[in-house]
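Let's take a friendly walk through a protein model, one piece at a time. Have the sequence and the 3D view open beside you as you read.

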Amino acid sequence: MVGVSGGIAAYKAAELVRALQRQAVEVHVVMTASAQKFVQPLTFSALTGHTVITSLWEEWGPGAPEQNGIDHIAEAQWADVLVVAPATANILAKFAHGIADDFLSTLYLATTSPVIVAPAMNVNMWNHAATQGNLETLRQRGVGIVEPGTGDLACGMVGAGRMAEPETIAAAVVSALGRRHDLAGEVVLVTAGGTREALDPVRFIGNRSSGKMGYALAEAARSRGARVILISGPSSLQAPAHCELVRVTTAEQMRGSVLARMDEATLVIKAAAVADYRPLAVSAQKLKRAGLLRLELAPTEDILAEVVRRRKAGQLIVGFAAETENRMENGRAKLLAKGADAIVVNDVAGDGIGIDSDMNAATFLTRATAVELPQMPKRQLADRILDEILTFRRPRPVVVELDEARDVEARQKQAIQDRVLDESLPVGAGRRQLIVE
Ligand SMILES: Cc1cc2nc3c(=O)[nH]c(=O)nc-3n(C[C@H](O)[C@H](O)[C@H](O)COP(=O)(O)O)c2cc1C
């Protein structure tokens, strides 16, 4: 579903529709009232062969508003991706605040599919704190933002605000479509946030984890079709929609919830920053200030190691390692020591990335590979991490040798016929190799 809102770049939405059609994507178009001041709906109905949706309402007879034939809920369910290009400052504000006063903004609230926006506007409108705040809200919520470029703007000013090229926007849509159902049937258990270990009735030892990375992973997994169980330490974030949220406070509660729910999961991602130590004794009364205070700390249980020990066949387990030094060495040591399938290694010493930040950079580490994931918003990184997990899970091709004696070969081939990837590898007299999934 391509949404067109009322900016100068509205005419470029026609190029976007064409670019999507070249990729064999079926397109419906919805236009805001302002968009129709810039481009005629006829342009899009001619390109798509479908009626362009121009209103929630249609006038039937003198002055009597009736709902027209197009149902926004049905359209919301039809759409695999909603992309808005150009996205005006106004439509971004409406999306961010849940205002549903026309077809496009109502559709946004009604769809559970991935949403992508390609903003375009005057540089001052773009830089305005209101617009940037709304974009941040949308980004947190998992909306994909195809950033505008910098250059000459239609208003005569120079700066950020030019809509991204239609081909770039189409590529973002195609990538979202590719991911749309690739976790269908999976049950993903994600842990997020930090834990709190009580010292007395009012104080605790905690850490700066905000839960943003884990919540982004939960949101990404859900939008790719998984059932998601999100086990979260205290966090001020709003839980992603349609995830089963389990709230915990301490490392011990986190352990209990993870062990109780892990059997349901096909994939466990441990992004929480769980305390390594807890106070040995918790004071029943509030501690009073009285000179030097020594605390005795006891180690908490190692949840990741325990999850690995209890894993079922086929269950994939991915841990996180937050490191401030010797990132790769420590990450690899953790991977081997814990027996997880992969470790996402974060550098939390850098400025503006990692703990409590909106950005992150990481290395996805398995026993055989190390994939660098450069700095990007956490929601985007979440998708890249899930991509890597799926690549890791995909069965690797194996080579099977066949005996060319006729009946033996026929029997052998029948057993594996659905899984043959390549047939043409003769290896010496009387023997051939097949590559099998
Ligand atoms: C000539 C003209 C060009 C405009 N271009 C833009 C634009 O590029 N981006 C934008 O956010 N608003 C632009 N506006 C303002 C929007 O059209 C206006 O905020 C409108 O309410 C947006 O409605 P919509 O979001 O429902 O489409 C423009 C207005 C005019 C008159």
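## A helix under cover

Please start with helix H10, residues 212-223, in this predicted model. Its twelve residues, at 1.5 Å a residue, should span 16 Å, and because the C-alpha atoms at its ends are 16 Å apart, expectation and model agree.

After H10 comes Gly225, with a positive phi near 105 degrees.

In soluble globular proteins, nonpolar side chains tend to be buried together. The largest nonpolar core here has 54 residues, and those that touch the most other members are Val188, Val190, Leu217, Ala218, Ala221, Val228 and Val268. H10 gives the most to this core, with seven residues. Leaving aside residues up to four places away in sequence, Ala221 touches Leu183, Val188, Val190, Ala226, Val228 and Leu386. Another core, of 53 residues, lies apart from it and includes Ala10, Val30, Ala96 and Leu135.

## Around the ligand

Which residues come nearest to the ligand? Of the 15 residues around it, they are Ser5, Gly6, Gly7, Thr32 and Thr88. Helix H5 (residues 89-97) gives the most to this shell, with three residues. By type, the shell divides into eight nonpolar and seven polar residues, with no charged ones.

Most residues other than glycine have a negative phi, and most peptide bonds are trans.

Where do they sit? Ala24 lies in the loop between helix H1 (12-22) and strand S2 (29-31), while His242 is found in the loop between S13 and strand S14 (244-247).

Pro86 belongs to strand S5 (residues 82-87).

Now find Ile303, in helix H12 (residues 303-309). Ile303 has 22 other C-beta atoms within 10 Å, and because 20 or more count as buried, Ile303 is buried. Along the sequence, Ile303 and Gly256 are 47 residues apart, yet their C-alpha atoms are 9.3 Å apart in space. Not counting residues up to four places away in sequence, Ile303 touches Met254, Arg255, Val258, Lys270 and Val274.

## The whole protein

Finally, zoom out. How many helices and strands does the protein have? Its secondary structure comes to 15 helices and 24 strands. Of its 437 residues, 38% count as buried. Among contacts with a separation of 6 or more, 64% come from residues 24 or more positions apart.

Definitions and conventions: Residues numbered from 1 in each chain as written. Predicted model: local features only at pLDDT ≥ 70, side-chain atom pairs only at ≥ 80, totals over all residues. Near = placed C-beta within 6 Å. Helix = DSSP H or I, 4+ residues; strand = E, 2+ residues; numbered from the N terminus. Nonpolar A, V, L, I, M, F, W, Y, C, P; charged D, E, K, R; others polar. Expected span 1.5 Å × (residues − 1). Buried ≥ 20, exposed ≤ 12 C-beta atoms within 10 Å, placed from the backbone. Contact = placed C-beta atoms within 7 Å. Core = buried A, V, L, I, M, F, W, Y, C linked by C-beta atoms within 7 Å.
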